[in-house]
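Here is a short report for a reader new to this structure. Look over the sequence and the model, then read on.

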Amino acid sequence: MLVSIEQHVDWVSDCTAWMGERNLATIEAETEAEDEWAKHTELQAHLTLYPKADSWCMGTNVPAAILPRCTKYAAFNIVAAL
């Protein structure tokens with residue numbers, strides 16, 4: 001599993017600074033942006049071995065489970081590279 005807390009803290013810190021500079025109190029992603037990000041990270045995840053893993057983190061230990069999307073793994077690498 002990837003350890004991502006440092007990336008999350010950096011992102012939130014940068015985001016709140018950006019919001020403060022613009023005097024903003026809230027932010028929300030547009031549905032189209034969410035969909036595009038999900039597709040992008042899903043494609044990136046499938047360039048890795050995660051989707052091929054027979055692992056608890058892919059939900060294969062739960063009978064009849066709907067397997068999760070791989071975006072949580074790919075998104076970390078994408079955002080961290082930005």
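## A nonpolar patch

Trp11, Val12, Trp18, Leu24 and Ile27 make a nonpolar surface patch of about 490 Å². Patch residues have over 30% relative accessible area and no salt bridge, and nonpolar side chains are joined within 5 Å. A salt bridge is a side-chain nitrogen of Lys or Arg within 4 Å of a carboxyl oxygen of Asp or Glu. Areas come from the Shrake-Rupley method with a 1.4 Å probe.

This is a predicted model: local features need pLDDT of at least 70, side-chain atom pairs count only at pLDDT 80 or more, and totals for chains, interfaces and linings use all residues. Residues are numbered from 1 along each chain as its sequence is written, and side-chain values use heavy atoms, without hydrogens and water.

## Helix H1

Trp18 sits in helix H1, residues 5–21. Helices are DSSP runs (H or I, at least four residues), numbered from the N terminus. Trp18 is partly exposed, at 39% relative accessible area. Buried means under 20%, exposed over 50%, and partly exposed in between.

Gln7, Cys15 and Met19 are the buried residues of H1. Seen down the helix axis, they fall within an arc of 95°, so they line one face of H1. The arc is that of the directions from the axis to the C-beta atoms. On the other side of H1, Ile5, Glu6, Asp14, Gly20 and Glu21 are exposed.

## After the helix

Asn23 follows H1. Asn23 lies in the loop between H1 and helix H2 (31–45). Its phi is near 60°, a positive value in a residue other than glycine. Asn23 is exposed, with a relative accessible area of 73%.

Terms used: Patch = residues over 30% accessible without salt bridge, like charges linked within 9 Å, V, L, I, M, F, W, Y side chains within 5 Å. Helix = DSSP H or I, 4+ residues; strand = E, 2+ residues; numbered from the N terminus. Buried < 20%, exposed > 50% of the residue type's maximum accessible area, 1.4 Å probe, protein only.
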